[in-house]
Amino acid sequence: LRTFSRLDEGDYKVVSIRESVESILTILGHKLKDRIQLDTHYGEPDRLECFPSLLTQAIMNLVANSIDAIEGQGRIQIRTGAVDDWYEIAVTDTGHGIPPHLRERVMDPFFTTKPVGQGTGLGLSVVYGIVKQHKGWIEVDSEEGRGTEFRIYLPKYNLLDKKIFCGNRNLSHFLYRYRFTLILNCDFRTWIPMGDGQSLFL
């Protein structure tokens, strides 16, 4: 449980996603009991630079939401790993699914499909806010009566705090969305420190 002892850490840090997920499953294990089969598929890389406490909260909310969506027996799958320039965290369940006319509202604050008194309607909106804070996005696929899959996509690298050097000139930070694009008006080769001993040359 040492992962949860560091939940007040607010800095960007490199963490093990597998360790974070396993800690979440330990906390929520009493809800799984014997009725829900759990499958985990951890891809590469395992380590990701993120806000550890916030990302842990987001994953926990998704898993808890999947548990609540399953009545009786069911299955939850958690999948992690790189997809192109992004890191994917997917949570899939065999719950009751989300009706088509409600899917556009699932991220709205205070919106819930649970009975009165059983949900605050803040779980998924919190996830949405955390993912946005990481400069990522979230996707959802759902079929009523068959289940739901939420997919979080986060940048594999924290480039927002890295410096770009062109010759001896220290350029400003650069921003990116789906892929980063660098436009430089100089004749020097550009070096971008990527962390973990890796570098990118343009």
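Buried means under 20% relative accessible area, exposed over 50%, and partly exposed in between, with a 1.4 Å probe and protein chains only. This is a predicted model, in which local features need pLDDT of at least 70, side-chain atom pairs count only at pLDDT 80 or more, and totals for chains, interfaces and linings use all residues. Residues are numbered from 1 along each chain as its sequence is written, and side-chain values use heavy atoms, with hydrogens and water left out.

View 1. Helices (H or I, at least four residues) and strands (E, at least two) are DSSP runs, numbered from the N terminus. Along the sequence the pattern reads β-α-β-β-α-β-β-α-β-β-β-β-β-β. The protein has 202 residues, and 41% of them count as buried. Its accessible surface is about 11600 Å². Carbon and sulfur atoms hold 50% of that surface. Areas come from the Shrake-Rupley method with a 1.4 Å probe; for residues, only the protein chains shown count as cover. A contact means heavy atoms within 4.5 Å. Among contacts between residues at least 6 apart in sequence, 61% join residues at least 24 apart.

**View 2. Arg151 in strand E7.** Strand E7 spans residues 147-155. Arg151 is buried, at 10% relative accessible area. Its side chain makes a polar contact of 2.8 Å with the side chain of Asp141. A polar contact is a pair of N or O atoms within 3.5 Å; within protein, one must be able to donate a hydrogen and the other to accept it, and residues adjacent in sequence count only if both atoms are side-chain atoms. Beyond four places in sequence, Arg151 touches Arg79, Glu88, Ile89, Ala90, Trp137, Ile138, Glu139 and Asp141.

**View 3. The salt bridge between Glu139 and Arg151.** Side chains of opposite charge can pair when their charged atoms come close. A salt bridge is a side-chain nitrogen of Lys or Arg within 4 Å of a carboxyl oxygen of Asp or Glu. By this rule there are seven salt bridges. In the bridge between Glu139 and Arg151, the closest N and O atoms are 3.0 Å apart. Glu139 lies in strand E6 (residues 137-143) and Arg151 in strand E7, so the pair ties together parts that are twelve residues apart in sequence. Glu139 is partly exposed at 29% relative accessibility, whereas Arg151 is buried at 10%.

**View 4. Glu88, Arg79 and the salt-bridge network.** Glu88 and Arg79 form a salt bridge, with their closest N and O atoms 3.3 Å apart. Glu88 is buried at 9% relative accessibility. Arg79 is partly exposed, at 24%. A network of salt bridges links Arg79, Glu88, Glu139, Asp141, Glu149 and Arg151.

**View 5. Arg75 and Asp39 across two strands.** Their side chains meet in a salt bridge of 3.4 Å, N to O. Arg75 lies in strand E4 and Asp39 in strand E2 (residues 36-42), so the pair ties together parts that are 36 residues apart in sequence. Arg75 is partly exposed, at 34% relative accessible area.

**View 6. Thr80 in strand E4.** Strand E4 runs over residues 74-83. Thr80 is buried, with a relative accessible area of 6%. Its C-alpha atom is separated from that of Ile17 by 7.9 Å. Along the chain, Thr80 and Ile17 are 63 residues apart. Leaving aside neighbours within four places in sequence, Thr80 is in contact with Ile17, His41, Tyr42, Gly43, Tyr87, Glu88 and Ile89.
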